[in-house]
Amino acid sequence: MDSLSLRNSRLDRTMTTPTKPSTEILNLDKVAEKKTLDMLSEIYTYICLWNMVPNVTLELYFLFTVLTVRLSTSALDKLLHPFPNIECHIYFAVTCINKMKNLFIILDRKALTLLFENSRLQFFTKADFLEYLEQEIALDDSFNLTSSYLNSMKSPNTGIAFQTDSDNRKSFISDRHFYSFSKKRDAFYSIVRHWEENIGDPEWNMTTFLTKKVHEFMKSSQDGLNNDLQFARLFVGQLLEMHKNQVGDKTEEPDTSDGVLKELKKRDPLRFQSLQNRLTGPSSTCDPCPKLTFTKVEEFFKDFIRIADSYTFNKCLIHVFVTKLKTLDSNTFGLHQHINTELNRSDFSDTLWQDIKTTISELRLCAKFLGYIIFSPYHVITDTKEMDSSREMLSESLHLISFLENSVQNHRLLVTLPWVVDLLSMADKNAFLLDSYKEPLMFLLQIYKQLSHCLRSNTSFLLNFTLTLHIGWLFDQNPSYQFDFYESTFSLQKPIVNYSRNSTVNTIGLDDIVVVDKSFVHMICPYLKVIKKPLSDFKKKVRLDNSTGTFRKITPVRSTDILTISAKSKLKNQLLDGFLKYAPNHVKDCINYVTDRLFINLKHFICEHIFVQCQQNALDEMKNDF
């Protein structure tokens, strides 16, 4: 069981070493003690399928790493029994992957294809598993997951978040307060426009160029006409308005005025979308369990809160965010009209499903900012012993345990659980010493363990597995509270309701009606795309190892229109950069040698012939003039 301890360290998951054999020769006869390996894989598979590990995502990443591991002979000698050679590594990983094949349907088409094409998997696995992967690849429709979801979020980032019921004159106690708020609103949108105009400049940052303007803006609240609550509503409304079109930092349609891009979009929309995601999307991390991050638009609002540094404004924001969370979380999406009736999933149209996903996205955004405001002071303080002793006495903003209990009883984990997990992920390391946060964490732990029973249901597998992955992601955010995972002496005042589709016959909720798709899985768990990195790295290394000096021919796509000289030069430079980036070292050395020799020859020819001829011509012209 010593090999299972590799799960406790991320460094052990990436056991790659820079060894590059020209050809990998595998021998099934070298797999020693198959019975021990089979028993070990059976135990490992069991604890993964029954959620006896804190984070299933890391276990899937771990299996892919073991499958693609490349070790030198000296490194192999250091490994413990029962992994004495590379064949044992591969056999264990392939056996576990075969036993947990149902979990891998969450992967996108590219990841499934990489797994199917992996030479090691094909050598050790059975034909039926390869057929299973081939069927999943054929049925997979997740290539345009991001684009299909983004196209449904229609709202320009320059929209104005004006609320008729709260921003009109009747909502203010006097004309002076109304005109003061109007002036403050115009000043805020001036800051927003300034940010929009300069965000594309890499040398521009909000802290340097807008700090003075934000401070002057906040001082206007100290004139005896405090409108912080109204401005907080406007602030949150504008955040949600600009967020609608900012998922994944896709702010606008790409410029296709260039003939090449226009023709590529017309001929192959899927390839064009893939290229757009690579060039305009944020850089991906290699961490299969990353921290919660902020997009560019969210960074503007986050920096505004940080620069403003206003206690009153932050307090108003907390109240507005809490109210928004309660309102959005209680949205029934018209389900109350069909209570205690037999519902067909076809009753929920695509428009309603997009509405549900939009609501979940807004809930997660509000929870993330609420967590940032509540917990950020405790992240920057190093010595918190004195604060921890009095922190329990302070009233908290949300009773998260009540939200979770209601979501379980009403079968609404689809809506509630993602934003609760995101809120808790923003917590500092000492927050879970408080009952107000430890209690919902333990409640999530019980849900996590009970969801393993629901993974056997085919109709709700994607939903239950998505919730399992998201809770596991939370457990890995702060190792300081993972001690409660295996041995927990904490007991809830109210026992958790058994989360099962047959637990309450008369209760019908969103979890019973909505069939989630892969777009929802990757919206909640965007880090799943990192799982395929060991497979893609292995494929690249094999391609380099088997390279004989020949390269795949690159045929650039061009339009029928005549390209300008600048466009041709730009395309040539891009192709050259792409070639040099992936060329082997010996090819680069050869290019450098030829370039140096060509430069020396050109220099010699210019100095010996062209320069002398030009000098003689200049002297002849001077003689003729005088």
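Which residues form a nonpolar patch on the surface, and what accessible area do they have together? In this predicted model, in which local features need pLDDT of at least 70, side-chain atom pairs count only at pLDDT 80 or more, and totals for chains, interfaces and linings use all residues, the patch consists of Leu-598, Leu-602, Phe-605, Ile-606, Ile-610, Phe-611 and Val-612, with about 660 Å² of accessible area together. Residues are numbered from 1 along each chain as its sequence is written, and side-chain values use heavy atoms, with hydrogens and water left out.

Patches are made of residues with over 30% relative accessible area and no salt bridge, nonpolar side chains (Val, Leu, Ile, Met, Phe, Trp, Tyr) being joined within 5 Å and like charges within 9 Å; a salt bridge is a side-chain nitrogen of Lys or Arg within 4 Å of a carboxyl oxygen of Asp or Glu, and areas come from the Shrake-Rupley method with a 1.4 Å probe. Ile-610, a member of the patch, is found in helix 28 (residues 585–625) and is partly exposed, with a relative accessible area of 39% (buried means under 20%, exposed over 50%, partly exposed in between).

Helix 11 (residues 175–198) has 24 residues and reaches 35 Å from its first C-alpha to its last, close to the 34 Å expected at 1.5 Å a residue, where the expected span is 1.5 Å times one less than the number of residues; helices are DSSP runs (H or I, at least four residues) numbered from the N terminus. Among its buried residues are Phe-178, Phe-181, Lys-184, Arg-185, Phe-188, Tyr-189 and Trp-195.

The structure holds 33 aromatic pairs, defined for rings of Phe, Tyr and Trp (its six-membered ring) with centres within 6.5 Å, planes under 30 degrees apart counting as stacked, over 60 as edge-to-face and the rest as tilted. The rings of Phe-188 and Phe-304 have centres 5.6 Å apart and planes at 90°, so this pair is edge-to-face; because Phe-188 lies in helix 11 and Phe-304 in helix 16 (residues 296–308), the pair ties together parts that are 116 residues apart in sequence. Phe-188 is buried at a relative accessible area of 0%, and Phe-304 is likewise buried at 0%. Both belong to one aromatic cluster that includes Tyr-189, Trp-195, Phe-217 and Phe-313.

Charged side chains also lie over rings (NZ of Lys or CZ of Arg within 6 Å of the ring centre and within 35 degrees of the ring normal): Lys-101 over the face of Tyr-132, at 4.9 Å from the ring centre, and the charged end of Lys-368 over the ring of Phe-294, 4.9 Å from its centre.

Definitions and conventions: Helix = DSSP H or I, 4+ residues; strand = E, 2+ residues; numbered from the N terminus. Buried < 20%, exposed > 50% of the residue type's maximum accessible area, 1.4 Å probe, protein only.
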